[in-house]
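Subject: Structure handover

Hello,

Here is the structure I promised you. Please open it first, then read my notes below.

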Amino acid sequence: MTSLRQRKGSKGKDPGPSVQNLKPDCTAEPRERFATGQCCLLQKYSCAISGFSWWTILCVMTGSTVGISLGLLCCIYVATLHENDLWFSNIKEVEREISFRTECGLYYSYYKQMLKAPSIQQGLYELIHDNTTESKRTINILQRMNIYQEVFLSILYRILPIQTYLEPIYFYIYTVFALQTVYVIALFITSWLLSDSWLAGALSGVWYILNRVDTTRVEFTISLRENWSIPFFALQVAAITCYLRPQLKPIHQRVILWLVFVSTFCFCLTWQFNQFVLLVQALIIFTLDCLDFLTTEQVVSLYLMQVLSLLLVWLLQFCNSMILGSLVLSFIVSALFIKHFQTGLKTGGFVIRVGKLALHTLLVLTLTFTINYSAKKILQLKSDEHIFKFIKAKFGFGATRDFDASLYLCEEAFGLLPLDTFERLAGTVLLYPYLCTLSVLFILLLLVALSNLSTNGSGQASKEKEDRTFRMRPDVAYNLLHTVFFGLLAFSTMRMKYLWTGHMCPFAAFGVCGKEVWSLYLRVLHCNTKTMSHALPPSQSLMEEISELREFYDPDTVELMEWIRLKTPKRAVFAGSMQLLAGIKLCTGRVLTNHPHYEDQALRERTRQVYQIYARQSAEEVHKVLCSVGADYIVLEDSICYERRHSRGCRLRDLLDLANGHIMDGPGENEPDLILATHPRFCEAIKTDMTPYSTLFTRVFKNKTFHVYKLKKLKKKNKAENGP
């Protein structure tokens, strides 16, 4: 086949729209390279040989300074928003703690618990033998939850000489905000590596800040696990991008692989959903391997980094069976096993290779589910079954009456991505270059994949690849599939959009500032020019958002927490909603019946039982259930009992009615097998103080939002009378 350079008559240079093995033009005028920000980090030494090392150093220093500055700017920005939204520095300590809503308060309570312990050893012992998080049970918090970051910060706060001028809560939130600096720098590096231009890194950082509403929610959900883990995930993506660059020296590959391992390990250690994110990433690597974009060494190395990270976390979490039973481990083992024994996978013509890949994929998936099913049976693992129930119900394959699945399905965060997200992304001029880059590179990926599958796997394969008109670098291919796969995940589940929108910024910046992408555009349009323009999105005024001052105001919750702290025994056990109980543990240290960390089958069942306080159940039945979990007090919330936030069928009381087989409240259709409940709704009927409610419960606290009742313990005589 006649090559492109033969048709053009060029001497040794391929002017085609290739994104393979493109390097900075070190022979160009140094001022021109500096003006465009063109500088390849790993190839600066080759530039130095050409006599322009000082320009290279200046380019690296300038880019690094810009990247760090943007990271610090983002950190200061979100910290300012947090302060202005709550007036955090001027409110009481109990109000600061209440601001850690839902599971955020639960995680922060362990940081507080570690600091209150007489010693680090005693604090660790109390976490390993915890009997306050779940009443009548002793659990290992370090095994059950991903809270090593709280443990590490508490130890760091103890040993650093900062106690006199920095409060513990500020040390905690400033650390989380500082991770935003790491996040922005990681995005900066990814874009710089893809485009060989630090201007792309600067653009990605600016876009991240401008799209804060859709790229992070750290300023109001500080303790969420994703705010700890996603910055490390972005570092891992940057490290993988660097590792997949062409012509990387072996010593550099080993160093980068260690960076991949460390960042993957930190990501896995800080988020319980790590296995699902790594599964998506493993599928990306598998796809690139099948389409012949990666070498066998690269595929095996990346798989092993994931496996080693998960196994190390498994050890640190006291052999948490949820990790061994994860789909990603089963998938990686299956992929490596089948790859080892299925020889000749990349040989033959196009039709033969496609057939082999189809068989290979089928074998890997079959073995994956077989291994995973067997592992869960052997380990008797049920911790993550609620997630698979949710996935099946979301796509119409599971029972919609399941209480656990319905809790997720009815939350907006687990619904489809709202369309107004794209309006906001378009308003900052991020969406348009992103879609253009995505479209062009995806078409190029298909062309290159077809070309790769058309080769016969002979010794001439590498030479044929060099002569192709259309080529794609492995690092570009990885980032393309990364944004596609995680984009699909974000479309299906809104909460996962933060894994996608952050990566949109460096990917779109690569399209805007990457010389090879513009060359591809111009080549497709049959244009030929050496000049390129780098467009920045229109800046929006951030000062209005920063200058908007608010104040934390929740007097009813503050009053409740103060009453519990002052008027109830320290070992009193409280029952109620998961979200409120997390705050009670943080603010008062009282014992809980249930909590928001839902990754335990026994806890999910207990939560469903405790939530009968909002169902149509008799006073005797509710009292019996609460006594079985050791509750001394129940806290009823009017916002749940008379909920209007969700539509009919998604209110908590509706979910309980459906799970119990009862007809729901209010006008609307009901399924024919549902029956009328024989008892009134407990949370409403108990307020009448009529028998038998007054016999079994005593109201001890009330305000406009909360009602607290103390359980009356049945006398032994009554128990004997009810006995056989």
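Phe233, Phe267, Trp271, Phe273, Phe276, Phe388 and Phe486 are linked by ring pairs into a cluster. Two rings of Phe, Tyr or Trp (its six-membered ring) pair if their centres lie within 6.5 Å; planes under 30 degrees apart are stacked, over 60 edge-to-face, and the rest tilted. By this rule the count comes to 35 aromatic pairs.

A word on the source. This is a predicted model, where local features need pLDDT of at least 70 and side-chain atom pairs count only at pLDDT 80 or more, while totals for chains, interfaces and linings use all residues. Residues are numbered from 1 along each chain as its sequence is written, and side-chain values use heavy atoms, with hydrogens and water left out.

Two of the pairs involve helix 9. Helices are DSSP runs (H or I, at least four residues), numbered from the N terminus. Tyrosine 170 and tyrosine 174 form a tilted pair, 5.4 Å centre to centre with 45° between the planes. Both lie in helix 9, four residues apart, about one turn of the helix. Tyrosine 170 is buried, at 11% relative accessible area. Tyrosine 174 is partly exposed, at 43%. (Buried means under 20% relative accessible area, exposed over 50%, partly exposed in between, with a 1.4 Å probe and protein chains only.)

Tyrosine 183 and tyrosine 208 pair edge-to-face, with 4.9 Å between centres and 65° between planes. Tyrosine 183 lies in helix 9 and tyrosine 208 in helix 10 (residues 198-210), so the pair ties together parts 25 residues apart in sequence. Both tyrosines are buried.

Tyr183 also lines the largest cavity. A cavity is a set of points on a 1 Å grid over the protein atoms alone where a 1.4 Å probe fits but cannot get out; lining residues have an atom within 4 Å of a point. Points are joined across faces, edges and corners, and volume is the space filled by probe spheres set on them. The whole structure holds four cavities of 30 Å³ or more. The largest has a volume of about 90 Å³. Helix 9 (168-195), helix 12 (225-243) and helix 25 (498-513) each give two or more residues to its lining. Helix 12 gives the most, with four. Phe233, from the ring cluster, is among the lining residues.

Finally, a charge over a ring (NZ of Lys or CZ of Arg within 6 Å of the ring centre and within 35 degrees of the ring normal). Arginine 225 lies over the face of tyrosine 107, 3.9 Å from the ring centre.

Best wishes

Conventions:
On a 1 Å grid over the protein atoms alone, a cavity is a set of points where a 1.4 Å probe fits but cannot get out, and a pocket is an open set with protein on both sides within 12 Å along at least five of seven lines; lining residues have an atom within 4 Å of a point.
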